[in-house]
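The remarks follow the order in which a reader may wish to check them against the coordinates.

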Amino acid sequence: MSATWEQVNGKTIVKMTVFGEPVPQGRPRFSTINGHVQAIDPKKSRNYKQLIQLEAQPLFYKGFTAIEAASRLKLHIFRGIPQSWSRKKKEAALGNILRPTSRPDTDNYVKGVLDALNGFVVKDDSCIVHIEAGKFYSDRPRIEIEVEEISDEMDSTAR
């Protein structure tokens with residue numbers, strides 16, 4: 001599924017699904033070149049961010065412009081089920097009875113997605129003011145991303 005966007009009540013909503021095993025943001029490697037320290041993004045993380053940006057490309061053929069307003073990010077991370085698990089354990093995972101509690105951490109997935117969306121779907125990732133993220137198991141690994149503009153009014157949960 002390619003990325004889609006729509007206007008609902010004057011607010012932009014972007015939805016996209018990136019199929020394949022999700023890749024979290026890796027730790028940067030540092031090197032010194034001519035006395036200057038450089039942070040280098042791990043190749044696997046860099047490639048996954050490019051894949052997310054590639055999935056977002058169709059938005060721009062449909063008149064989309066990057067979101068500049070305060071926005072909410074909803075992220076569902078579906079990791080593959082290990083082949084070594086028993087049938088009973090696999091069924092529990094597919095029924096969301098068993099959820100991924102092992103590494104990588106949820107926030108590392110969020111960081112990678114935010115970096116990929118920055119300048120493409122949102123003008124700057126600082127306009128993301130609310131994040132909902134969860135890890136699940138699935139027989140179809142993927143990440144489902146939704147970015148939605150929120151109203152200027154204070155959210156009732158913030159009071």
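1. Of the 159 residues in the chain, 35% are buried, where buried means under 20% relative accessible area, exposed means over 50% and partly exposed lies in between, with a 1.4 Å probe and protein chains only. The model is a predicted one, in which local features need pLDDT of at least 70 and side-chain atom pairs count only at pLDDT 80 or more, while totals for chains, interfaces and linings use all residues. Residues are numbered from 1 along each chain as its sequence is written, and side-chain values use heavy atoms, with hydrogens and water left out.

2. The accessible surface of the chain is about 9800 Å², and carbon and sulfur atoms contribute 50% of that area, as computed by the Shrake-Rupley method with a 1.4 Å probe. Along the principal axes, the C-alpha atoms fill a box of roughly 50 × 50 × 40 Å. Among contacts with a separation of 6 or more, 79% are made by residues 24 or more positions apart, a contact being heavy atoms within 4.5 Å.

3. Three helices and seven strands are found in the chain, and their order along the sequence is β-β-β-β-α-β-α-α-β-β. These elements are DSSP runs numbered from the N terminus, helices being H or I over at least four residues and strands being E over at least two.

4. Strand β2 (residues 11–19) has two antiparallel partners to consider: five bridges connect it to β1 (residues 4–8), and seven bridges connect it to β7 (residues 142–149). Two strands are taken to pair if DSSP finds at least two bridges between them.

5. How many of the five residues of β4 are buried? The count is zero, and the strand (residues 36–40) is hardly covered.

6. Four aromatic pairs are present in the structure. Phe60 and Phe64 make an edge-to-face pair, with centres 5.7 Å apart and 70 degrees between the planes; rings of Phe, Tyr and Trp (its six-membered ring) pair if their centres lie within 6.5 Å, and planes under 30 degrees apart count as stacked, over 60 as edge-to-face and the rest as tilted. Phe60 counts as partly exposed because its relative accessibility is 33%, whereas Phe64 counts as buried because its relative accessibility is 5%.

7. Trp85 and Tyr137 also form an edge-to-face pair, at 5.0 Å centre to centre and 75 degrees between the planes. This pair links distant parts of the chain, since Trp85 lies in the loop between β5 (71–80) and α2 (87–94) and Tyr137 in strand β6 (residues 128–138), 52 residues apart. Trp85 has a relative accessibility of 17% and therefore counts as buried, and Tyr137 is buried with a relative accessible area of 8%.
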